[in-house]
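Subject: Structure handover

Hello,

Here is the structure for you to look over. My notes follow below it.

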Amino acid sequence: MKLIEPRPVPLGGLRAMTVRRLLPSRDRRMVGAWCFIDHYGPDDVALTGGMRVAPHPHTGLQTASWIFTGTIEHRDSLGTVADVRPGELNLMTAGYGINHSEYSTPATSVLHGIQLWIALPHTDMNTTPAFENFMPKALTFGRQGNEQGSGQDASAPATVQARVFLGELGVTVDGETKAGSSPVTTFSPLLGAEILVGAPGSDPRADKNPADDAPRRTLTLALNPEFEHGFVVDTGALLIKGQRVAADEMLYIEPGTEELTIETIGATRLILLGGAPFGEKITMWWNFIGRSHEDVVEARAAWNAQAEAFEAVTAPAGASGTGIVTGGALAQGEPESGAGSRPEGEQRDAAPAPPRFGGVVLLPGEYEEPPRTSVIPAPDLPNARLKQRGD
C-alpha cells in the first residue's frame with residue numbers, strides 16, 4: 001500500500017481555478033491504465049471563475065469526466081455538444097487525435113468533481129476518436145430518502161450508494177450484496193466507481209474532514225485480484241487495513257486482493273479506480289500520450305500548425321451552434337460555386353487529408369472573454385528528451 005497526497009495545480013482561466021493532482025505523482029504514475037487524476041472543488045464559481053478551458057487537443061488516451069456538483073459543457077471535434085452532469089460518465093476517446101473545450105455552464109454556482117485520463121495500449125493508441133455517455137444505476141443499501149430528516153430513525157445507519165461507471169464491482173453492506181457493471185468501451189481491463197456513504201455535500205465553506213466522533217460504516221468490496229486499485233477520498237475518511245485515508249488523498253493497493261473490507265468515517269464520497277497493471281511505458285507530455293519523444297513532437301507540431309491555420313480563418317466572436325472549423329478555407333478542399341468553379345466534367349483533384357485533430361471547436365458567445373479565448377496552443381517542449389515512464 002502507498003498513500004499518495006495531492007499537489008495543487010492551477011488549471012488556468014480568468015482566475016486560475018486550482019485542481020488537486022494525484023496522478024502522475026513522484027510516488028505513483030499509473031493505476032492500471034489510469035494515468036491522470038485531477039480532483040477539483042467544491043469551488044464557488046463566483047470566486048474562482050469556474051472551469052474555462054478553451055479548445056485543446058489530446059492523443060493516445062481516453063478522458064473520463066465524473067462530476068459531483070455543477071454542470072460542464074463539453075464540445076468536441078466530432079460535433080458532440082454534451083453536458084457533464086452528476087451521476088453521468090462522459091468518456092471521450094482521443095485516439096489518433098481530437099480537440100475539445102470544457103466550460104462550466106452559466107447556471108453553475110458550485111463546481112465539484114474529478115477528471116480522469118486512461119492511457120490507450122500501444123495497439124490502440126491511434127484508434128478512431130469517439131464519445132460515449134453512460135448513466136449507471138445506483139446500487140442502494142440502507143434507509144432511503146433525505147438523510148437529514150425524512151421521518152425515519154436518525155440513528156439508523158446511513159444510506160450507501162455505489163455507481164459503477166467502468167468495469168464491474170460487487171458491494172456488500174450489512175450482509176446484502178449487489179453488483180454493478182458498465183457497458184462503456186475501454187481498451188484494457190478497468191474499474192471505475194463512485195461510492196457514497198450518507199449525504200456528502202459540496203459546500204465550499206465546509207470542512208471535508210469528519211469529526212473524530214463521526215458515525216462509521218463498514219463495506220466489503222469484491223475486487224479483481226489481478227487489478228491494482230486506487231481509493232480516492234473526496235469527503236470524509238477511510239480506514240483500510242489500518243491505514244487512514246483523509247479527504248483529497250489516495251491509497252494505492254497492489255494486485256492480489258480479492259475481497260476488501262473498508263470502514264468509512266462520516267459522510268464519505270469515494271472514487272474507486274482499478275485496472276490490470278498496464279505493462280507498457282508511456283511518454284506523456286501536456287495533453288499528448290505516445291510511446292516516444294518523437295510521438296509527442298509530431299502531435300505538438302500538428303496541433304500548433306492547425307491552431308495557427310484556425311486563427312487565420314476563425315469566425316467572429318459570438319459564433320454559435322456545434323462550432324467546428326477545419327482550419328482551412330473549405331472542409332473538402334473544393335472551390336465555392338460561381339466564379340472559379342471547375343467546368344462540368346473536368347477531373348477533380350483529390351480532397352486534402354482532414355486535419356489530425358478534426359475541426360477546431362468554436363465557442364458560443366456566452367463563453368467568450370475579452371481578449372477572445374480562441375484555442376490553446378501547445379507550449380514549448382523542454383530542452384531534454386521526453387522519457388518513457390510507467391510503474
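**Overall fold**

Of the contacts (heavy atoms within 4.5 Å) in the protein chain between residues at least 6 apart in sequence, 76% link residues at least 24 apart. This is a predicted model: local features need pLDDT of at least 70, side-chain atom pairs count only at pLDDT 80 or more, and totals for chains, interfaces and linings use all residues. Residues are numbered from 1 along each chain as its sequence is written, and side-chain values use heavy atoms, with hydrogens and water left out.

The protein chain has 2 helices and 26 strands. These are DSSP runs, numbered from the N terminus: helices are H or I with at least four residues, strands are E with at least two. The chain has 391 residues, and 51% of them count as buried. Buried means under 20% relative accessible area, with a 1.4 Å probe and protein chains only. The accessible surface is about 17400 Å² (Shrake-Rupley method, 1.4 Å probe), and carbon and sulfur atoms hold 49% of that surface.

**Cores**

A nonpolar core here is a set of buried Ala, Val, Leu, Ile, Met, Phe, Trp, Tyr and Cys residues joined through side-chain atoms within 4.5 Å. The largest one has 37 residues, and Trp34 and Ile37 touch the most other members. Elements giving two or more residues to this core include strand E4 (34-44), strand E6 (61-69), strand E9 (89-93) and strand E11 (110-119). E11 supplies the largest share, 5 residues. A second, separate core holds 27 residues, among them Val233, Leu260, Leu270 and Leu272.

**Strand E9**

E9 is mostly covered, with 5 of its 5 residues buried. Leu89, Leu91 and Thr93 lie on one side, Asn90 and Met92 on the other. E9 pairs with E6 in the antiparallel sense over 4 bridges. Pairing requires at least two DSSP bridges between the strands. In this pair, Thr63 stands opposite Met92. E9 also pairs with strand E12 (residues 130-134), again antiparallel, over 5 bridges. There, Thr93 stands opposite Ala130.

**Trp303**

Trp303 sits in helix H2 (residues 293-313). Trp303 is buried, because its relative accessible area is 0%. Beyond its neighbours within four places in sequence, Trp303 is in contact with residues including Pro55, His56, Pro57, Asn99, Trp286, Phe288 and Phe357. Asn99 is 204 residues from Trp303 in sequence, yet the C-alpha to C-alpha distance is 9.1 Å.

Regards

Notes: Buried means under 20% relative accessible area, exposed over 50%, partly exposed in between (1.4 Å probe, protein chains only).
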